[in-house]
Amino acid sequence: MEENDIKYLQLSAVCMILLLTAILTGFSSQDAPRRGTWLWHSSLIVTESDQILSFAKEQGVNLLYLKIDPTKKAEYYQPFIKRARAAGIEIEALGGKASWGLKENRQQIIDLADWVIKYNQTVTSKETISGIHLDIEPYTLAAWKGNQKEDVIKQWMGNVEAYVGYIKRNSTLQVTCDIPFWLDKTPIPNNPNISLSKWLISKHDVVTVMAYRDRAEGSNSISTIVPPVMTAADELGKQVLIAVETKKSNEGNFVTFYEEGKGYMEKELGKLPKLLSSYASYNGVAVHSYEYWKSLKD
């Protein structure tokens, strides 16, 4: 056998080993489809931590948006986060109010980010938080519905620029957020060719699109309302989680799985991977929220 042939075979063997290693060990929990939920009442991590973790295991939850109160000390969250991390659950610090879209409340977002950054600097690697998840919905404010909509959008965009910049300068935390599916119809000020939805996707690492519908396919369904968001995320190389609602809604039965229950919801969510398979950005689902999901009828 020629020397070059031997070198070729050796190189091929090394490549095969590296490939097998990557397949066996190279995928992190973030590469796997995510299944998340929100936990707004963080006092529950003290009063029912066992129930939360058992429920997460039963439902396959591997991502938890955990509401953080910056006035509390790290010790309040450490025990639960350590147990959740050990159970394979990724933790993102949750915060948000409609008013956080206004410049006057920008510091509240920075305070949350600062708390998480300092928290991660003081705890062990088994207790860290992987990201900050913002649920800011200024479109529910009266000013948005009036003649101040453009000004509110500008303030919201300014706040996003500020907190994303602050977090990225001071940490390696992921920055994620919630957006409604219909925001693609709202252009950003002074640039009608770019939707606010696409702009927000471009600024965050991951977005959770609130596709609040109670069926996966058909007219006015999850798979028919999310394409603009998915397409934008594909173009930007970002990831998207599809969020559904389990809380009783006054907007109509079609926006929530409250009436149908867990079994029906799981059946519909199970259709999404195939229905959305053409989008590289699709990375799982999120159910809003733990507090309502756990009480959902079977």
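What pLDDT does the protein chain average, and what share of the residues score at least 70? With that settled, please look closely at the largest pocket and then at some individual residues elsewhere in the chain.

Author: This is a predicted model, and the protein chain averages a pLDDT of 91, with 90% of the residues scoring at least 70. Where pLDDT is low, the predicted coordinates should not be read in detail.

The setting comes next. The protein chain has 13 helices and 10 strands, and of its 298 residues 50% are buried. Among contacts with a separation of 6 or more, 78% are between residues 24 or more positions apart. The accessible surface of the chain comes to about 14,800 Å², and carbon and sulfur atoms account for 53% of that surface.

The part you asked about, the largest pocket, holds about 700 Å³ of space. Rolling a probe the size of a water molecule over the atoms shows where empty space is left. The lining of the largest pocket consists of 22 residues, and those nearest its centre are Glu137, Met210, Tyr212, Glu245 and Glu251. Sorted by class, this lining has 10 nonpolar residues, eight charged ones and four polar ones.

Turning to individual residues, Glu259 sits in the loop that runs between strand E9 (239–245) and helix H11 (262–269). Its relative accessibility is 25%, so Glu259 counts as partly exposed. Once neighbours within four places in sequence are set aside, Glu259 is in contact with Asn253 and Lys297. Glu259 can also be placed relative to Lys248, for the two are 11 residues apart in sequence, while their C-alpha atoms are 7.7 Å apart in space.

Ile117 belongs to helix H5 (residues 106–122), and Ile117 is buried because its relative accessible area is 7%, below the 20% cut-off for that word. Leaving aside neighbours within four places in sequence, Ile117 is in contact with Tyr166, Asn170, Ser171 and Leu173. Of these contacts, Ser171 is 54 residues from Ile117 in sequence, yet the distance from C-alpha to C-alpha is 6.5 Å.

Asn190 has a phi near 70°, which is a positive value in a residue other than glycine, and Asn190 lies in the loop between strand E6 (187–188) and strand E7 (191–195). With a relative accessible area of 72%, Asn190 is exposed. Asn220 likewise has a positive phi in a residue other than glycine, here near 55°, and its place is in the loop between strand E8 (206–210) and helix H9 (222–225). Asn220 counts as partly exposed because its relative accessibility is 37%. Lastly, the peptide bond from His288 to Ser289 is cis, with omega near -15°, and Ser289 is found in the loop between strand E10 (282–288) and helix H13 (290–293).

Definitions and conventions: Residues numbered from 1 in each chain as written. Predicted model: local features only at pLDDT ≥ 70, side-chain atom pairs only at ≥ 80, totals over all residues. Heavy atoms only, no water. Helix = DSSP H or I, 4+ residues; strand = E, 2+ residues; numbered from the N terminus. Buried < 20%, exposed > 50% of the residue type's maximum accessible area, 1.4 Å probe, protein only. Contact = heavy atoms within 4.5 Å. Areas by Shrake-Rupley, 256 points an atom, 1.4 Å probe, with all protein chains shown as cover. 1 Å grid on protein atoms, 1.4 Å probe; cavity = no way out; pocket = protein on both sides within 12 Å on 5 of 7 lines; lining within 4 Å. Points joined across faces, edges and corners; volume = space filled by probe spheres on them. Nonpolar A, V, L, I, M, F, W, Y, C, P; charged D, E, K, R; others polar. pLDDT = per-residue confidence, 0-100.
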